[in-house]
Amino acid sequence: MSAARSYKIQKVKRSFSLLCLAAVLACVFPSHAQWKKTPLQAPAQPNPQLYRNDANATKEIRQALISAGKQGKHVLLDFGGNWCIDCHVLDNAFHQPRIAPLLNNNFVLVHVDVGRFDKNLDLAKKYHVDLEKGVPSLAVLDAQEKVLYATADFERALVMSEDDVIQFLNKWKPQRASK
């Protein structure tokens, strides 16, 4: 084989290798976007009645426990206030397509108004929620009202991602019996 022909073959092989590498990279980098954590967002219009100040939280929790027992779900208590942007961010996350089905299939959600840290403090204490760390603060109860988890991890919802919420909900959803 001549040197010129050998050079052309090597050049074609190199071009083919570069083309293959470019194709692989073109496939890998766009798919990286699906691995990127989706940050939580504030709603376009915050709900001024998210935490209703006229609600009877004790009664709503009691009703949620009954409903959770019938449906095989846990109760998710969301302690917060209408003035709290992180509370609205978390609630907005609860309505996102990746989160809403997980929440709705496994939990009965109750928003508990803490006012300006002067309301429902007895309920926060009862369910081991430390409001001093901030809001929103969550508690997970089983249908028998046993506290499974109480957290203030969401008081900085603005810097959290959908994946953080999904991970939390998956960790605390009821364990279904295998059939």
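Guide: This is a predicted model. By class, three nonpolar, two polar and three charged residues line the largest cavity.

Visitor: What makes this a cavity, and what is the volume of the largest cavity?

Guide: A cavity is a set of points where a 1.4 Å probe fits but cannot get out, so an open set is called a pocket instead. The largest cavity has a volume of about 30 Å³, and a search of the whole structure for cavities of 30 Å³ or more finds one.

Visitor: Which residues line the largest cavity?

Guide: The lining consists of Arg52, Ala55, Ala57, His111, Val112, Asp113, Lys119 and Asn120. Strand E2 (residues 107-113) gives the largest share, three residues.

Visitor: Why is His74 called buried?

Guide: Buried means under 20% relative accessible area. His74 has 11% relative accessibility, so His74 counts as buried. His74 belongs to strand E1 (residues 74-80). Beyond its neighbours within four places in sequence, the contacts of His74 include Phe107, Val108, Leu141 and Trp172.

Visitor: What makes a set of residues a nonpolar core?

Guide: The members must be buried nonpolar residues such as Val, Leu or Phe, joined through side-chain atoms within 4.5 Å. The largest nonpolar core has 24 residues, of which Ile61, Val75, Leu77, Phe79 and Tyr127 touch the most other members. Helix H2 (57-71), E1, E2, helix H5 (121-126) and strand E3 (137-141) each supply at least two residues of this core. H2 provides the largest share, five residues. Another core, of 20 residues, lies apart from it, with Leu40, Leu90, Ala93 and Val140 among its members.

Conventions:
Residues numbered from 1 in each chain as written. Predicted model: local features only at pLDDT ≥ 70, side-chain atom pairs only at ≥ 80, totals over all residues. Heavy atoms only, no water. 1 Å grid on protein atoms, 1.4 Å probe; cavity = no way out; pocket = protein on both sides within 12 Å on 5 of 7 lines; lining within 4 Å. Points joined across faces, edges and corners; volume = space filled by probe spheres on them. Helix = DSSP H or I, 4+ residues; strand = E, 2+ residues; numbered from the N terminus. Nonpolar A, V, L, I, M, F, W, Y, C, P; charged D, E, K, R; others polar. Buried < 20%, exposed > 50% of the residue type's maximum accessible area, 1.4 Å probe, protein only. Contact = heavy atoms within 4.5 Å.
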